[in-house]
Structure formats: structure tokens, C-alpha cells
Amino acid sequence: FQALDVDPILHMLVFGESVLNDAVSIVMTNTILYFQEAGDPPAKAVGTAIGHFLLMFIGSSAIGIVSALLSAILLKYVNLRTTPSLELGTVIVFAYAPYAVAESLKLSGIMAILFCGIVMSHYTHFSLSPSTQIT
């Protein structure tokens, strides 16, 4: 897209859609592997698979969203702008923590950091100092 000088909004939409497709396919693969090991009857497995997929999708998304909102609140009310390295370190911790939490709960870490990144770009970005925003 960069070589074709495509509109940045179109580039962002196509990139976001491909990342979301990857995350959903990972969740679906984990769901299928879980039920392959369980060996449930087919009729029961379909209903349980849908529930498991929704639990993984919603749970992973919620972990990412909560982490991003906590980072936005912390960086808005705690003045870390005087120490950009500490501010950047805080952003990095809040960006990667959802992955570890989601994976430890047997959810999708990729989905968690996807939603964390989306929410952080909307809320946390404006609470950062200019030097940290560039970094």
C-alpha cells in the first residue's frame, strides 16, 4: 500500500481487518483444539464450541480494554510527564500485561493486545508527553 501511495485511512482499515481476522482465527483454532481433546458428542460440541468461542473472544477483549483504560486513567492523573522514560515504561507494561494475563487464563493474548492497542490509541495517547508520543 505504501508503494501505491494509498489513502492512509484505507491502509488502516485493511491492516486492522487483517489483524482482526488473524486474532479470530487463533481463537477459533484454540476452540477446535480444545474440543478435539474433550471428545464430546457432535451435537453437544457445537453449542459448547460457540460458548467457548464467545468466552474467549469477549474475555480476551475485556482484558485488553480494561488494561488500556487503566493506563489512560493512571497516565492522566499521575504526572509522569517530567520523566519520559518512566512514562514510556508504564505504557509498555500496560501494553504487554494483557497478553500475559489472557494467556495465563487460557484466553487469547493476541486478541487482548489487539483491543488494548485500539483503546490505548484513543485514550492513553492524549495523556502522554510529546516526547513519549513520538517514541
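1. Helices in this note are DSSP runs of H or I with at least four residues, strands are runs of E with at least two, and both are numbered from the N terminus. Residue E37 lies in helix α1.

2. The model is a predicted one, in which local features need pLDDT of at least 70 and side-chain atom pairs count only at pLDDT 80 or more, while totals for chains, interfaces and linings use all residues. Residues are numbered from 1 along each chain as its sequence is written, and side-chain values rest on heavy atoms, with hydrogens and water left out.

3. The largest pocket holds about 210 Å³ of space. A pocket here is an open set of points on a 1 Å grid over the protein atoms alone, where a 1.4 Å probe fits, with protein on both sides within 12 Å along at least five of seven lines; lining residues have an atom within 4 Å of a point. Grid points are joined across faces, edges and corners, and the volume is the space filled by probe spheres set on the points.

4. Which residues line the largest pocket? They are M12, L13, F15, G16, E17, V19, L20, L114, F115 and I118. Two elements, α1 (8-38) and α4 (109-123), each give two or more residues to this lining, and α1 gives the most, with 7 residues. By class, the lining comprises 8 nonpolar, 1 polar and 1 charged residue. Nonpolar covers Ala, Val, Leu, Ile, Met, Phe, Trp, Tyr, Cys and Pro; charged covers Asp, Glu, Lys and Arg; the others, Gly among them, are polar.

5. In the second largest pocket there is about 160 Å³ of space. Its lining consists of N30, L33, Y34, H52, M56, E103, K106 and L107. The elements that contribute two or more residues are α1 and α2 (42-77), and the largest share, 3 residues, comes from α1. This lining divides into 4 nonpolar, 2 polar and 2 charged residues.

6. Is E37 buried or exposed? E37 counts as exposed because its relative accessible area is 72%; exposed means over 50%, buried under 20%, and partly exposed in between, with a 1.4 Å probe and protein chains only. The C-alpha atoms of E37 and T132 are separated by 46 Å, and the two residues are 95 apart along the chain.

7. S127 is placed in the loop between α4 and α5 (130-134). With a relative accessibility of 9%, S127 is classed as buried. Leaving aside residues up to four places away in sequence, S127 touches A72, L75, K76, R81 and E87, where contact means heavy atoms within 4.5 Å.
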